[in-house]
Amino acid sequence: MEFLLLWVLGGHFVDSGLRYREVGECYAAAQNAGSDMGYVGLNLPKFTCVPLKEGQPFTLHITPPNSRFPF
């Protein structure tokens with residue numbers, strides 16, 4: 001299993017393209033990137049580490065805002 005780092009920006013998920021073998025490694029990388037952003041005056045965006053089956057592609061489906069269809 002591997003973990004994909006997703007950034008949450010303005011209510012939208014952004015695939016970082018970064019994958020890690022352990023969730024702790026994923027979390028630490030996000031925290032380090034956030035501290036670098038803070039150093040230059042940017043706010044730390046929210047993030048999540050999503051477990052993925054190794055070698056499998058990741059497709060993110062997002063419902064447009066104010067859509068009448070929940071899919």
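Select S1 and S3 to begin: these two strands run antiparallel and are joined by seven bridges. Strands here are DSSP E runs of at least two residues, and helices are H or I runs of at least four, both numbered from the N terminus. Two strands count as paired if DSSP finds at least two bridges between them. What you have on screen is a predicted model, in which local features need pLDDT of at least 70 and side-chain atom pairs count only at pLDDT 80 or more, while totals for chains, interfaces and linings use all residues. Residues are numbered from 1 along each chain as its sequence is written, and side-chain values use heavy atoms, with hydrogens and water left out.

The three strands make an open sheet in the order S2-S1-S3, with antiparallel pairing. S2 (12–20) and S3 stand at the edges with a single partner strand each, so one side of each has no neighbour in the sheet. From one strand to the next, the twist averages 30 degrees.

Bring in the helix next. H1 lies across S1, S2 and S3, at about 30 degrees to S1. Axes are lines fitted to C-alpha atoms (for helices, over the stretch in contact), and angles run from 0 to 180 degrees between N-to-C directions. Contact means heavy atoms within 4.5 Å.

The link is left-handed, with -95 degrees about the S-S bond. Both Cys26 and Cys49 are buried, where buried means under 20% relative accessible area, exposed over 50% and partly exposed in between (1.4 Å probe, protein chains only). While you are at Cys49, show Leu5 too: its bridge partner in S3 is Cys49.

Time for the rings. Select Trp7, Tyr27 and Phe47, which form one aromatic cluster. Rings of Phe, Tyr and Trp (its six-membered ring) pair if their centres lie within 6.5 Å; planes under 30 degrees apart are stacked, over 60 edge-to-face, and the rest tilted. By that rule there are two aromatic pairs. Trp7 and Phe47 have ring centres 6.0 Å apart and planes at 70 degrees, so this pair is edge-to-face. Trp7 is in strand S1 and Phe47 in strand S3, so the pair ties together parts 40 residues apart in sequence. Tyr27 and Phe47 have centres 5.4 Å apart and planes at 55 degrees, so that pair is tilted. Buried or exposed, what are Trp7 and Phe47? Both are buried, whereas Tyr27 is partly exposed at 44%.

Next, colour the largest nonpolar core: Phe3, Leu5, Trp7, Tyr20, Cys26, Ala30, Phe47 and Cys49, eight residues in all. Such a core is a set of buried Ala, Val, Leu, Ile, Met, Phe, Trp, Tyr and Cys residues joined through side-chain atoms within 4.5 Å. S1 gives the largest share, three residues. Zoom in on Tyr20: leaving out residues up to four places away in sequence, its contacts include Phe3, Leu5 and Cys26.

Last stop, Glu2, in strand S1 (residues 2–9). Glu2 counts as buried because its relative accessibility is 13%. Beyond neighbours within four places in sequence, its contacts include Arg19, Tyr20 and Val50.

Key. A disulfide is a pair of cysteine sulfur atoms within 2.5 Å.
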